[in-house]
Amino acid sequence: MITALLVMIGISLALGAVLGFSAIKFKVEGNPLVEKIDAVLPQTQCGQCGYPGCKPYAEAIAKGEADINKCPPGGEEGIRKLADLLGVDYKPFGEGAAPKAKAVAFIDEQTCIGCTLCLQACPVDAIAGAAKQMHTIIASECTGCELCVEPCPVDCISMKLIPEDISNWKWPYPVYALTPVRNEARKVEAS
Amino acid sequence: MTDMIAIEVVYALPDKQTLLRQQVAVGTTVLDAIQASGILNKYPEIDIATSKLGIFGKLIKPDTVLREKDRIEIYRPLIADPKEVRRKRAEEGKVMKKGGGDA
């Protein structure tokens, strides 16, 4: 009788210790769903979704406050991935949120006055320049978010379309026509 | 290797920007890193003695010691005269935006 009690107490203590240890050791930082959503988002930090960056948008989606179709840089592929991840239906882009053709910012050197306002606006540090020095967009870093266009006091930043050529052409994403399954077919499968 | 840091060297022209990533030893100065990067051979027009240098948009002296993930930027002088541009815009009746702001 005593032995059985001692064995049971011993087992519960041992398991308790393991649980307590793993709770500390394998503690999950933050919400894992937010991390997963954030990983799908394009990290352009452009704010076109209405949130200050990709992470806040991911948090809003996780909380159910935001729709999944608010990220133009992510494209339709991004919405599809989010829909898969969250187990909701695919939703096309809303009015005025459709993605634009890929473009990068371009600074007109004849009018740039080296004021650094565009540098401060750029979320991805894609502009090389300092006070009273020529500012230049590093095209390979530019995400085309247009956040630098507005702050420029002399309107010297324009968006330049990236022409498609051999170096940046890629296969278009496959488009599958989804046809709803008819009820008879479902019944046959079920039976 | 713990005594190496990753840095980048940037020289940007309007239609072609060069961004070189490299590893340098801790304690390397900006000038040393630029010379080690080979960007001067690529662009002979850079006069390192007179060019202004900076790290992420802040002007710095060539003997500044680099830190991990610094991006050295070699600048070019302005073409336009800021005063002239501002005066011209004022004459055309365009308002100078302050930029930034609450938006």
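Biologist: Which residues have the most contacts inside the largest nonpolar core?

Modeller: In this predicted model, the largest nonpolar core has 21 residues, and those with the most contacts inside it are A:Ile107, A:Cys118, A:Ile127, A:Cys156 and A:Ile157.

Biologist: And which elements give two or more residues to this core?

Modeller: Those are strand E1 (103–107) and helix H5 (117–121) of chain A, and of the elements, E1(A) gives the most, with three residues.

Biologist: What does A:Ile107 touch, leaving out residues up to four places away in sequence?

Modeller: A:Ile107 touches A:Cys112, A:Cys118, A:Ile127, A:His135, A:Thr136, A:Ile137, A:Cys156 and A:Ile157. There is also a second, separate core of 17 residues, which includes B:Val9, B:Val24, B:Ile34 and B:Ile72.

Biologist: Let's go to B:Ile72, then; which way do it and the other residues of E5(B) point?

Modeller: B:Ile72 and B:Ile74 point one way from E5(B), while B:Arg71 and B:Glu73 point the other way, and all of them are buried. As a general point, side chains in a regular strand alternate between the two faces of the sheet.

Biologist: Which strands pair with E5(B), and in what sense?

Modeller: Strand E1 (residues 4–12) of chain B pairs with E5(B) in the parallel sense over four bridges, and B:Glu8 stands opposite B:Arg71 there. Strand E3 (residues 53–55) of chain B runs antiparallel to E5(B) and is joined to it by three bridges, with B:Ile55 as the bridge partner of B:Ile72.

Biologist: Changing topic, how many residues does the contact take from chain A and from chain B?

Modeller: The contact takes 30 residues from chain A and 28 residues from chain B, and the two chains bury about 2400 Å² between them, with 59% of that on carbon and sulfur atoms. On the chain A side, A:Ile113, A:Gln133 and A:Met134 lose the most area to chain B, together 22% of what that side buries.

Biologist: How many salt bridges are there between chain A and chain B?

Modeller: The count is three, and one salt bridge is formed by the side chains of B:Arg21 and A:Glu141, at 4.0 Å from N to O.

Biologist: Where in chain B is confidence lowest and highest among the elements?

Modeller: Confidence is lowest in helix H3 (residues 82–91) of chain B, with a mean of 87, and highest in strand E5 (residues 71–74) of chain B, at 94.

Biologist: What ipTM and pTM does the predictor give the complex?

Modeller: The predictor gives the complex an ipTM of 0.83 and a pTM of 0.67.

Terms used:
Residues are numbered from 1 along each chain as its sequence is written. Chains are lettered from A and ligands numbered from 1 in the order in which they are written. This is a predicted model: local features need pLDDT of at least 70, side-chain atom pairs count only at pLDDT 80 or more; totals for chains, interfaces and linings use all residues. Side-chain values use heavy atoms; hydrogens and water are left out. pLDDT is the predictor's confidence in each residue, from 0 to 100. Buried means under 20% relative accessible area, exposed over 50%, partly exposed in between (1.4 Å probe, protein chains only). Two strands pair if DSSP finds at least two bridges between them. A nonpolar core is a set of buried Ala, Val, Leu, Ile, Met, Phe, Trp, Tyr and Cys residues joined through side-chain atoms within 4.5 Å. Contact means heavy atoms within 4.5 Å. Buried area is the accessible area (1.4 Å probe) that two parts lose on being put together, summed over both.
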